[in-house]
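Trainee: Could you walk me through this structure?

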Amino acid sequence: MEGEVDHRATRRDFRAGTLARADLDPDPWMQMQCWLQEAESAGNFDPTAMALATADGDGFPNVRYVLLKHFDARGVCWYTDSRSQKGQELAANARAALAFYWPELDRQLRLQGAVSLLPESDAESYFQQRPVGSRLAAAASEQSREIVDRAHLEARVAELAARYPDGDVPRNPAWRGYRLAPHRFEFWQGRSNRLHDRFVYIRDEKGWRISRLMP
């Protein structure tokens with residue numbers, strides 16, 4: 001590409017709402033659930049989409065979107081192929097960050113913490129809940145591995161579909177669930193003139209401590 005593409009004048013103001021200390025639930029999990037519900041009510045078509053940031057053994061970062069599948073006080077959970085780039089990076093460095101963005105409400109939610117594998121039984125249970133097409137795709141793909149072309153991938157799916165005409169395709173043991181156990185939450189509310197409201201929950205020996213940050 002020749003020349004610079006200039007987006008320095010691309011901007012919008014944030015006017016969807018405000019966030020005060022009095023608005024926050026003392027439990028970050030309850031606050032997270034509230035914001036997820038409000039994002040869905042505001043018309044966000046993918047409120048559980050979250051950016052997952054990992055780093056390899058040399059500290060080089062990568063980020064991609066995954067889908068939140070369930071959470072409780074132990075952490076935030078998603079499912080993927082452990083042979084993927086993110087799976088390999090989490091095996092080398094079991095710490096990660098997550099970020100949600102809900103533009104309809106001018107809100108972000110960020111989490112940081114340690115990541116662990118969910119039990120095999122959790123992966124099996126969720127795999128069996130997925131639509132047949134999703135199970136076939138997961139079984140056919142060795143995620144992140146190079147492939148000749150799309151036709152080869154589709155042939156792998158067709159071969160599995162023929163082998164399991166009842167749709168009872170087995171889960172590959174490499175397809176696993178992960179849990180991030182946050183030690184830090186940040187709730188970010190966009191405000192006019194970039195004077196955003198930011199509140200951080202950090203766990204200490206007494207529980208969750210809430211602090212306001214400068215924008």
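Mentor: What follows goes from the whole chain to its elements and then to single residues.

Trainee: What kind of model is it, and how are residues numbered?

Mentor: This is a predicted model, in which local features need pLDDT of at least 70 and side-chain atom pairs count only at pLDDT 80 or more, while totals for chains, interfaces and linings use all residues. Residues are numbered from 1 along each chain as its sequence is written, and side-chain values use heavy atoms, with hydrogens and water left out.

Trainee: OK. How many helices and strands are there?

Mentor: The protein chain has five helices and nine strands. Helices (H or I, at least four residues) and strands (E, at least two) are DSSP runs, numbered from the N terminus. In sequence order the pattern is α-β-β-β-β-α-β-β-α-α-α-β-β-β.

Trainee: And what does the C-alpha trace span?

Mentor: About 55 × 55 × 40 Å along the principal axes.

Trainee: What share of the residues is buried?

Mentor: Of the 215 residues in the protein chain, 37% are buried. Buried means under 20% relative accessible area, exposed over 50%, and partly exposed in between, with a 1.4 Å probe and protein chains only. As for contacts (heavy atoms within 4.5 Å), take those with a separation of 6 or more: residues 24 or more positions apart account for 65% of them.

Trainee: Helices next. At what angle do α4 and α5 pack?

Mentor: Helix α4, residues 132–140, packs on helix α5, residues 150–163, at about 120°, and their axes are 9 Å apart. Axes are lines fitted to C-alpha atoms, for helices over the stretch in contact, and angles run from 0 to 180 degrees between N-to-C directions.

Trainee: What do you call that arrangement of α4 and α5?

Mentor: The two helices, α4 and α5, are therefore oblique to each other. Angles under 35 degrees count as roughly parallel, over 145 as roughly antiparallel, 65 to 115 as roughly perpendicular and the rest as oblique.

Trainee: Which residues make the contact?

Mentor: On α4 they are L136, A139 and A140, and on α5 they are R156, V157, L160 and A161. By class, the contact of α4 with α5 has six nonpolar residues, no polar ones and one charged. Here Ala, Val, Leu, Ile, Met, Phe, Trp, Tyr, Cys and Pro count as nonpolar, Asp, Glu, Lys and Arg as charged, and the others, Gly among them, as polar.

Trainee: Switching to strands. How do β8 and β9 pair?

Mentor: Strand β8 (residues 197–204) and strand β9 (residues 207–213) are antiparallel, with seven bridges. Two strands pair if DSSP finds at least two bridges between them. A hairpin of two residues links β8 to β9, and I202 has R209 of β9 as its bridge partner.

Trainee: What about β1 and β2?

Mentor: Strand β1 (residues 49–55) and strand β2 (residues 61–67) also run antiparallel, joined by seven bridges. M50 stands opposite V66 in β2. The hairpin of β1 and β2 has five residues between the strands, and G59 in it takes a positive phi near 90°.

Trainee: Back to β8. Is V200 buried or exposed?

Mentor: V200 lies in strand β8 and counts as buried, at 3% relative accessibility. Beyond its neighbours within four places in sequence, V200 is in contact with R184, F185, E186, R209, I210, S211 and L213. V200 and P28 are 172 residues apart in sequence, with their C-alpha atoms 9.3 Å apart.

Trainee: And what does I210 touch?

Mentor: I210, in strand β9, is buried with a relative accessible area of 18%. Leaving out residues up to four places away in sequence, I210 touches R21, L24, D25, P26, F199, V200 and Y201.

Trainee: Where do D106 and N193 lie?

Mentor: D106 is in the loop between β5 (95–102) and β6 (107–117), and is buried at 3% relative accessibility. N193 is in the loop between β7 (175–189) and β8, and is exposed, with a relative accessible area of 63%.
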